[in-house]
Amino acid sequence: MAAGARGGLIRAVFLLSSGVLAHVEDLDDTFKDSRMDDVWLVDFYAPWCGYCKKLEPIWHEVGAELKSSGSPVRVGKMDATAYSGIASEYGVRGYPTIKLLKGDLAYNYKGQRTKDDIIEFANRVAGPAVRSLPSRQMFDHVLKRHDVLFVYVGGESPLKEKYIDVASELIVYTYFFSASEDVLPESVTLPELPAVVVFKDGSFFTYDQYEDGSLSSWVNRERFQGYLQIDGFTLYELGETGKLVAIAVINEKEQNEESTRLKDLIQRVATEYRGHFNRDFQFGHMDGNDYINSLIMSEVQVPSVIVLNTSNEQYFLPQEPVNTLEQLVGFINSVLDGSAQAHGGDGIFQRMKRVAYDARSTVMSVFRSSPLLGCFLFGLPLGVISLMCYGMCTAESDDGADDMELMKRDGLAEEDEEEEEEEEEERRRLAEEMEEDEEEEEDEEEKSPQEKKVD
């Protein structure tokens, strides 16, 4: 009985797992020819990629939920290393890459890899670029759901055509709606129609072609609330807006009077000086300084104020403590007019510093997480290199000793040769003297008796 129950449970789990996995289709090279018939959400992965393996269970949950909710989006995955030609056609440069393919268009997903965020992206992009709001009730409902809401108000016009084009481009970030003027609340009065309006921060702001530049740039700047809680991912997204980011760096776990004061000052500037700073600055606060420290390769005090330029990795710090709203506004104005001292940047020296900083951070993180592994990974290569250096130095010393020995031997050989030459010269001299003596004796014997007497 128990064995049968266990068997039934195993079969149920297997069937459930099979059902979940069936919602994600494995794609091959035939996908390119058949994909135009449907909207596809595709994960381009590599089998060896750790991030891809981490995404896999989340991806199956995405497929199951989209299927159960009746979404028209089909979910698939493709081994980008096995089908590299197709992956390169879709601009896959890293793994995992998530794309929504709709007709001839391919939309990159740049959000966080969570189930809810991916599903929200799929439902937003798969639908029409511009959604209609037919009633006041629908407008109120949508306004409650979205912190930032873009609405085109009016009939057919060249501005609406531009709005549709911008929506098709930027729908990866936010929703776009259209409505007639009578759908809007009575408190919303527009100077002229047609108009593009953004509702956020408890108010609304109208696009002005002459003051705000291109519609695409204006939407990209306005798609965030005026004041945000900023983390690393949000800072990455803000980099695409081209704005400078003014941040109050605080510790939310240990709030103190100074942290609260700086946070309130940043919020006041974002609200009260919107007309002056909104085009160039994004305001917010960040909990803790770890991410900022790694970004600027230096230590930022907590609490403090910092302005980041994400386009060139420069940052600005106030030269004196910020105690009042006027001091904070003065500091931000100095950044805006270029009189504030800039730190960091993306020059060659900073790039070299970044390489060294990242290497040091990697080594330190390995030793903090696993000291034994760190010793093995870094100690062993250092030991091998030390032995090689010692061997090279020793070899040079031995060669030097051999050279000295050879030189000594050469010197001794030369001395021996000199001695032999001297001995040979002495023998020749003695031989010559002996020959002279013999000749004299012979001459003596050859003399006549008379000559001997004379002698």
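Modeller: Gladly; what follows is a conversation about a predicted model.

Biologist: Let's begin with Phe224. Why is Phe224 called buried?

Modeller: A residue counts as buried when its relative accessible area is under 20%. Phe224 has a relative accessible area of 10%, so Phe224 is buried. You will find Phe224 in the loop between H9 and strand S11 (227–229).

Biologist: Which residues does Phe224 touch, not counting residues up to four places away in sequence?

Modeller: Phe224 touches Val148, Lys200, Glu237, Leu238, Thr241 and Gln282. Contact here means heavy atoms within 4.5 Å. Phe224 and Thr241 are 17 residues apart along the chain, and their C-alpha atoms are separated by 9.4 Å.

Biologist: What makes you say that the buried residues of H7 line one face of the helix?

Modeller: The buried residues in H7 are Leu159, Lys160, Tyr163, Val166, Ala167 and Leu170. Seen down the axis of H7, they fall within an arc of 120°, so they line one face. On the other side of H7, Pro158, Glu161 and Asp165 are exposed. The cover over the buried residues of H7 includes strand S7 (149–153), strand S8 (176–179), strand S9 (195–200) and helix H9 (215–222).

Biologist: Which residues of H14 are buried, and what covers them?

Modeller: In H14 the buried residues are Leu325, Leu328, Val329, Phe331, Ile332, Ser334 and Val335. Their cover includes S12, H11, helix H12 (274–277), S13, S14 and strand S15 (314–316). Just after H14, Gly338 takes a positive phi of about 85°.

Biologist: What makes a group of residues a nonpolar core?

Modeller: Such a core is a set of buried nonpolar residues joined through side-chain atoms within 4.5 Å. The largest here has 24 residues, and Phe283 and Leu328 have the most contacts inside it. Strand S12 (244–250), helix H11 (257–272), strand S13 (281–287), strand S14 (304–309) and helix H14 (325–337) are the elements that give two or more residues to this core. H14 gives the most, with 6 residues. Leaving aside neighbours within four places in sequence, Leu328 is in contact with Leu265, Ile266, Val269, Val305 and Val322. A second, separate core of 21 residues includes Val62, Ile119, Ala122 and Ala126.

Biologist: What makes S14 a mostly covered strand?

Modeller: In S14, 6 of its 6 residues are buried. Ser304, Ile306 and Leu308 are on one side, with Val305, Val307 and Asn309 on the other, so both faces are covered by the under 20% cut-off for buried residues.

Biologist: How do you know that S14 pairs with S12 and with S15?

Modeller: Two strands pair if there are at least two bridges between them. S12 and S14 have 5 bridges, so they pair, in the antiparallel sense. Asn309 stands opposite Gln314 in S15. These two strands, S14 and S15, form a hairpin with 4 residues between them, and Glu313 in the turn has a positive phi of about 65°.

Biologist: Why are S1 and S5 called edge strands?

Modeller: They belong to an open sheet of 5 strands in the order S1-S3-S2-S4-S5, with mixed pairing. Strand S1 (24–26) and strand S5 (105–108) each pair on one side only. The twist averages 30° from one strand to the next. Within this sheet, 7 bridges join strand S2 (residues 39–45) to strand S3 (residues 73–79), and these two run parallel. Val42 stands opposite Gly76 in S3.

Biologist: Which strands do helices H3 and H5 lie across?

Modeller: Helix H3 (residues 50–68) lies across S1, S2, S3 and strand S4 (97–102), running at about 155° to S3. Helix H5 (residues 115–126) lies across S2, S3, S4 and S5, running at about 25° to S4.

Terms used:
Residues are numbered from 1 along each chain as its sequence is written. This is a predicted model: local features need pLDDT of at least 70, side-chain atom pairs count only at pLDDT 80 or more; totals for chains, interfaces and linings use all residues. Side-chain values use heavy atoms; hydrogens and water are left out. Buried means under 20% relative accessible area, exposed over 50%, partly exposed in between (1.4 Å probe, protein chains only). The arc is that of the directions from the helix axis to the C-beta atoms. Axes are lines fitted to C-alpha atoms, for helices over the stretch in contact, and angles run from 0 to 180 degrees between N-to-C directions.
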